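Me: I want to go through the ligand site and the pockets of this model. Can we take it one question at a time?

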Amino acid sequence: MNTSDKYTIETITEMQTWAANLFSFKTTRNPAYRFIAGQFARLGVTGDGGELVWRAYSICSAPYDDFLEFYSIVVPDGAFTSRLAQLKVGDQVLLEKKNYGYLTTDRFECGKDLWLLSTGTGLAPFLSILQEFDTWENYENIVLVHSVRYRHELAYQEFIHSFKENELFAEYAHKLHYVQTVTRDQTPPSMLNGRITTLLDNGGLEAHVGLPINQERSRIMICGNPDMVQETRQLLLDRGLTLSLRGKPGHLAVENYW
Ligand code: FAD
């Protein structure tokens, strides 16, 4: 590991392909690198012209892991991802030393149900949050909603189901409601069909989970596609929920990916 003032150089240790345009990777982690579950890192790669290209990436791994894990889209001709997708185990990425972001559960107070609403790679920060013991202790229910276009884009399913068998989390795993919703594919009865915004608007999501969304019970994180984030936020504001601000806890915390 080499260091500069701004970043460390980390090595890719594992890569997993989930779909043609989706992959995840693990890197080494400088022991001095700190973050809170839900935060994002800034990663750098060398672009085609030799310049450094930096992008924000939510961290999927737990704050206590000795590696970092990221889940990525491949954007055709994207300056960052078209380069990133070519990297292999043993290659290097740059990692800014500073951690970023406010999509963290410490933004909330009280609440009974934690709703984690994501589209696509917006699942990433919630994977980290789910690996924090406090998340499971502090809520009666955790509702993880993953919305994708096609069923084969439902990455990390096995991992999410495996909390039931996990030594640390098994006794809490009954709290997890894992909701998969698909917008452009046939779905089995266990999955929902449609966008998060539609399912919130028509009550389908709450009916499926069996929990109401309201100020008293619900604390809600929203992450991914900016249209989904904006529309969902507005729907929930219209229902009387409020954004969590620094020093003024509310019911909603959001992160836009572009
Ligand atoms: P860009 O030029 O950055 O983007 C081109 C276009 O691609 C965008 O306008 C948008 O239409 C589309 N796009 C960008 N990102 C995505 C995406 N994630 N899913 C679908 N379409 C997208 N990306 C991840 O893949 N995983 C993450 O964990 C992640 N975390 C982020 C956290 C934050 C706080 C922010 C702001 C962004 C995050 N992103 C994440 C997006 C990421 O920073 C880059 O935009 C993405 O890697 C594409 O980079 P690019 O240079 O190839 O294309």
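**Ligand and pockets**

Me: Which side chain places an N or O atom 2.5 Å from an oxygen atom of the ligand?
Reply: This is a predicted model. Polar contacts are N or O pairs within 3.5 Å. At 2.5 Å from a ligand oxygen atom, one side-chain N or O atom qualifies, and its residue is Thr81.

Me: How much of the ligand's area does the protein bury?
Reply: Taken alone, the ligand exposes 860 Å². The share of that buried by the protein is 76%.

Me: Which element gives the largest share of the shell around the ligand?
Reply: The shell has 19 residues. Elements giving two or more are β4 (52–58), β5 (67–73) and β12 (252–256). With four residues, the largest share comes from β4.

Me: What is the volume of the pocket that holds the ligand?
Reply: The ligand takes up the space of the largest pocket. Its lining counts 38 residues, with Ile73 and Trp258 among those nearest the centre. The volume is about 1100 Å³.

Me: Which element gives the largest share of the lining of the second largest pocket?
Reply: This pocket has a volume of about 290 Å³. Of its 17 lining residues, those closest to the centre include Gln16, Lys26 and Glu69. Four residues, the largest share, come from β1.

Methods. Residues are numbered from 1 along each chain as its sequence is written. This is a predicted model: local features need pLDDT of at least 70, side-chain atom pairs count only at pLDDT 80 or more; totals for chains, interfaces and linings use all residues. Side-chain values use heavy atoms; hydrogens and water are left out. A residue is near a molecule or strand if one of its heavy atoms lies within 4 Å of it. A polar contact is a pair of N or O atoms within 3.5 Å; within protein, one must be able to donate a hydrogen and the other to accept it, and residues adjacent in sequence count only if both atoms are side-chain atoms. Accessible areas come from the Shrake-Rupley method with a 1.4 Å probe; for residues, only the protein chains shown count as cover. On a 1 Å grid over the protein atoms alone, a cavity is a set of points where a 1.4 Å probe fits but cannot get out, and a pocket is an open set with protein on both sides within 12 Å along at least five of seven lines; lining residues have an atom within 4 Å of a point. A molecule sits in a cavity or pocket if more than half of its atoms lie within 2 Å of its grid points. Grid points are joined across faces, edges and corners, and a volume is the space filled by probe spheres set on the points.
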